[in-house]
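I am opening a notebook page on this model. The entries below follow the order in which I looked things up.

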Amino acid sequence: MAGELEESRAALAAATGTADEEDLTSDLTASVRLRPRRLLERNPGAAAELRLLLDEFAPAGQPDQPGTVHNSITGGTQHGPLLQGHTFANLTFHGGGDAAAHRAP
């Protein structure tokens, strides 16, 4: 497996900056994602060890709930609604007043 990873690294390094870089990166990413699955199919008892390894390398301070996102807005004044998120539906915004009145002098 170490040999496969080294070959993948060399191929990606050679493709960097070429027209094939994006396709090769996508292919190699898919291949790397399948490796743990193949390992577990051959050795189901390795699941506990794999979980320990993943926990060891998990970023520190991550929220316990998967999918939690924190967004922040910096760098100026926003004059109107500002939305950050994944999916929005049935939104209605009512403008009122003069936008120039909200601008800093």
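**Fold and totals**

I read the chain along its sequence and got the pattern α-α-α. My count for the chain is 3 helices and 0 strands; helices (H or I, at least four residues) and strands (E, at least two) are DSSP runs, numbered from the N terminus.

I note that this is a predicted model, where local features need pLDDT of at least 70, side-chain atom pairs count only at pLDDT 80 or more, and totals for chains, interfaces and linings use all residues. Residues are numbered from 1 along each chain as its sequence is written, and side-chain values use heavy atoms, with hydrogens and water left out.

I looked up burial next: 6% of the 105 residues of the chain count as buried. Buried means under 20% relative accessible area, exposed over 50%, and partly exposed in between (1.4 Å probe, protein chains only). Accessible areas come from the Shrake-Rupley method with a 1.4 Å probe; for residues, only the protein chains shown count as cover.

**Salt bridges**

I searched the whole structure and found 2 salt bridges. The term stands for a side-chain nitrogen of Lys or Arg within 4 Å of a carboxyl oxygen of Asp or Glu.

I took Arg9 and Glu6 to begin with: their closest N and O atoms are 2.9 Å apart. Arg9 and Glu6 are separated by about one helical turn because they are 3 residues apart in helix α1. Arg9 is partly exposed at 49% relative accessibility, and Glu6 is partly exposed at 42%.

I then went to Asp55 and Arg51, whose side chains meet in a salt bridge at 3.1 Å, N to O. Both lie in helix α3, 4 residues apart, about one turn of the helix. I have Asp55 as partly exposed with a relative accessible area of 45%, and Arg51 as partly exposed at 47%.

**A buried serine**

I looked up Ser8, which lies in helix α1 (residues 2-15). Is Ser8 buried or exposed? Ser8 is buried, because its relative accessible area is 13%. Leaving out residues up to four places away in sequence, I find Ser8 touching Leu28 and Arg35; contact means heavy atoms within 4.5 Å.

**Surface patches**

I listed Asp20, Glu22, Asp23 and Asp27 as a negative surface patch. Patches are made of residues with over 30% relative accessible area and no salt bridge, like charges being joined within 9 Å and nonpolar side chains (Val, Leu, Ile, Met, Phe, Trp, Tyr) within 5 Å.

Phe88 has its place in the segment after α3 and is partly exposed, with a relative accessible area of 41%.

**A backbone angle**

I looked at Asn90, placed in the segment after α3 (47-57). Its phi is near 55 degrees, a positive value in a residue other than glycine. Most residues other than glycine have a negative phi. I have Asn90 as exposed, at 80% relative accessibility.

How values were computed
Lys, Arg positive; Asp, Glu negative; His and termini not counted. Charge placed at Lys NZ, Arg CZ, Asp CG, Glu CD.
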